[in-house]
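Dear colleague,

Please find below the sequence and structure that I am handing over to you. My notes on what was found follow.

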Protein chains: 2
Amino acid sequence: MTHWATLSRDQRHVLASELRASFTRLTSNRLALDLTRGKPGTSQLELSNALDHQMNGDYKSREGVDVRNYGGLRGIVEARELGGEIMDVPAANVLVAGNSSLALMHLVMETALHRGLWPGMAPWQESGKVRVFTPVPGYDRHFALTASLGIEMQNITLGADGPDMDVVREAVRRDASIKAIWCVPKYSNPTGCIYSDEVVLQMAELPKIAAARNFVVLWDNAYAVHDLLFPAPRLASLFAAADLAGTQRHMLQFGSTSKITFAGAGISFVGSDESVLKRIEEQLSLMTVGYDKLNQLRHARFLNGRLTAHMQAHAQILRPKFDLVAKKLHAGLSGLGIATWTNPQGGYFVSLDVMPGLAKRVVSLAKEAGLAMTAAGATFPYGLDPEDRNIRIAPTFAELDALEAAMDVLVICVKLTALESLQTA
Amino acid sequence: MTHWATLSRDQRHVLASELRASFTRLTSNRLALDLTRGKPGTSQLELSNALDHQMNGDYKSREGVDVRNYGGLRGIVEARELGGEIMDVPAANVLVAGNSSLALMHLVMETALHRGLWPGMAPWQESGKVRVFTPVPGYDRHFALTASLGIEMQNITLGADGPDMDVVREAVRRDASIKAIWCVPKYSNPTGCIYSDEVVLQMAELPKIAAARNFVVLWDNAYAVHDLLFPAPRLASLFAAADLAGTQRHMLQFGSTSKITFAGAGISFVGSDESVLKRIEEQLSLMTVGYDKLNQLRHARFLNGRLTAHMQAHAQILRPKFDLVAKKLHAGLSGLGIATWTNPQGGYFVSLDVMPGLAKRVVSLAKEAGLAMTAAGATFPYGLDPEDRNIRIAPTFAELDALEAAMDVLVICVKLTALESLQTA
């Protein structure tokens, strides 16, 4: 492939005509394609239908709790074990909640802001301005939640090994208004990177150097076991590192079964120090008598002892989709110097970077052609990608044939947009 | 029975010796009785075990939604119909949530306080001091939730027909800091009263006379269909009254299946004007991708079309318990002038008023005898019963024999305490 920067004006003209013709052919087909949906496909959901046959009239947890009745804010012990296995945290340090880990994150952020997360922790709001580090590109719901609480976000570049920790450490040491950092440490949304052992260690030690004594690490381990290849890469244990560093109460780890069983009907987990879990329970007691323990028991019975086998079955469905995306991007864009992308080994997304200033144009052109992409900018706080170049590809929900058609459209849109840009340059 | 105020000193002495002897006999038995638990008994939970056989591999809602996957903040249509039937509100005005209506109440209160419940509604916090009316005796979790938000509570006496509306209307008309009133309109916790048609109408019209333009009615219809006798008494429709009054967006109605199916694994509902439901969805979208729709579908399939029959089965289990409580109170305390109590036709509680200043003493004496009662004062904001006389009896969880033993202890404690008080008077 010729790098497009080296093309002559005439060559570009010829290429542009060809691409426009292809694009016109595509749009005449009235497509209705969608790569926005970071959710499991139907065949993945089918893998968990046996969830519905776990009770058989036996509603007692291992400790003798009738899961049908009220009570139990911490969650039943077998579900805490499941959460512990998923998050790589001891069951004793896990609280089990309802179907949304995002709701737990919201609760934790609000508690940190207004009340303090452990006895003696000053609420963030007491020290005036509150800021958190947001590695970018990242997860739009983290950003929306943070913004809704009036907390300012400070972007930090996410590399292949995690956030740039030199910048993070320096800023956190200097600036007491920085109270937290958001992390999706394994198969990060959307880049798919895995934080290196070094980054995990440094993350656990951040509270020791932070100017803010109430600094916390928000560790959203949403894709902890969502591997495509086995044996799977291993994320270093934040819990173990924090134990060594003596910073456990500054670590808030989140997980869920959302993309393990039924996306909308799972259970979620938070892991931390006992003092933090107690504070969370205090806050929860104002809002609920307890989460759905029956669904907790259902999940523990279904998954305990067979989690890896279950995730391998997911991988069998997902791997061809991720392979197809990689193949199409490679075949269509490799060597042209107009885009880069990630090749994740797990998770739910592929991150595509086009030439600066072109992401919005690519997404709008795709829309014209009948392909819905996540809005450009969505992977940045306030929807503002400063370079307007990142596009999130969500390949899991589409069937293979639709995914193939969608990737063809996307590749043409990237090429056409790049060529337009080079022609006017 | 002789009214105890008319007893001579000698008669009191004889009686006191007899009662102390009975009390000593009881405490020597090492009892472990409990009347604190306002939750269904095991045989009630058994009534809903068929919930677990509703899916049969069919996960599509009537409108074709795969309930296993993400999405759908409003809830599936058949669950909205169920909520509508329970709350007496059109399905179009219902949002279905997770297993806790308390969580919905918390969300509504927080939204009203900080953001406003509908477009153009000034958040309560903007007008300085915020107060709400709390009919007493009432529900301790309403009080704890309200206090946690820094909102002041103003007690109002709850009569047999509902709160004293003359006082409420006058205060609300005069005082713009009063922003809301908590109501449990049918089988109120703990008195069991049902608001009269007149009170319901006046409630719907309160926003029209309130000095606060952002006044709302918090209508926790927790026992809407929890009747003991059939045909059941009917609560007037707040929705219809508010439609007439043009005050629908000021009405927040709550309900749940918690004491209909599985107490800890049900679904909950909020009913209001469309503008309010939209605002609630906005707030919810910061915390969750959607509630557990699978459990919604399970509930709709199980209950739609047979709700009344199901509640009659509950009543068959509960009626003997409430009858026993009434019988014991009547036999032990009637005509003595030392206590009054309610005889509810539904709900989960009986409210007992002892002589002023004695409730704490009765509860602590009962504890000595091995009977746990809800803390005296719990039915009032901040745990402060100004007359120290109200005691909440929760007869649903105990088995009949334990309930009988517990009521015998309670009756003796009430009598002994009253006699001690009369002797020192």
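Which residue in E6(B) is the bridge partner of Phe133(B)? The partner is Ile181(B). Please bear in mind throughout that this is a predicted model.

That bridge belongs to the pairing of strand E3 (residues 131–136) with strand E6 (residues 178–183) of chain B, which run in the parallel sense over three bridges. Both strands are part of an open sheet of eight strands in chain B, ordered E2-E9-E8-E7-E6-E3-E4-E5, with mixed pairing. At its edges stand strand E2 (94–97) and strand E5 (162–163) of chain B, each of which pairs on one side only. Helix H3 (residues 77–87) of chain B lies across E2, strand E8 (251–256) and strand E9 (268–271) of chain B, and its direction is at about 110° to E2(B).

Also in chain B, helix H4 (residues 101–114) packs with helix H9 (residues 274–284) at an angle of about 100°, their axes being 11 Å apart. H4(B) and H9(B) are therefore roughly perpendicular to each other. On the H4(B) side the contact is made by Leu107(B), Val108(B) and Thr111(B), and on the H9(B) side by Arg279(B), Ile280(B) and Gln283(B). By class, this contact of H4(B) with H9(B) has three nonpolar, two polar and one charged residues.

Strand E11 (residues 350–354) of chain A pairs with E13(A) in the antiparallel sense over four bridges. Within that pairing, Asp353(A) has Asn390(A) of E13(A) as its bridge partner.

The domain assignment divides chain A into domain 1 (4–44 + 309–424) and domain 2 (59–306). The C-alpha centres of these two domains of chain A lie 31 Å apart. Where they touch, 26 residues of domain 1 are in contact with 28 residues of domain 2. On the domain 1 side, two or more residues each come from helix H11 (307–333), E11 and E13 of chain A. H11(A) gives the most to that side, with eight residues. The residues on the domain 1 side divide into 14 nonpolar, nine polar and three charged.

Finally, I come to how the two chains are arranged.

The contact between the chains takes 37 residues from chain A and 37 residues from chain B. Helix H2 (42–46), helix H4 (101–114), helix H5 (140–148) and helix H10 (293–303) of chain A each supply at least two residues of the side that touches chain B. That side of chain A has 17 nonpolar, 14 polar and six charged residues. Of the interface residues of chain A, 100% are also interface residues in chain B, so the copies meet through the same surface.

Yours sincerely

Key: Residues are numbered from 1 along each chain as its sequence is written. Chains are lettered from A and ligands numbered from 1 in the order in which they are written. This is a predicted model: local features need pLDDT of at least 70, side-chain atom pairs count only at pLDDT 80 or more; totals for chains, interfaces and linings use all residues. Two residues are in contact if their C-beta atoms, placed from the backbone, lie within 7 Å. Ala, Val, Leu, Ile, Met, Phe, Trp, Tyr, Cys and Pro count as nonpolar, Asp, Glu, Lys and Arg as charged, and the others, Gly among them, as polar. Axes are lines fitted to C-alpha atoms, for helices over the stretch in contact, and angles run from 0 to 180 degrees between N-to-C directions. Angles under 35 degrees count as roughly parallel, over 145 as roughly antiparallel, 65 to 115 as roughly perpendicular and the rest as oblique. Two strands pair if DSSP finds at least two bridges between them. Domain bounds come from an automatic or database domain assignment.
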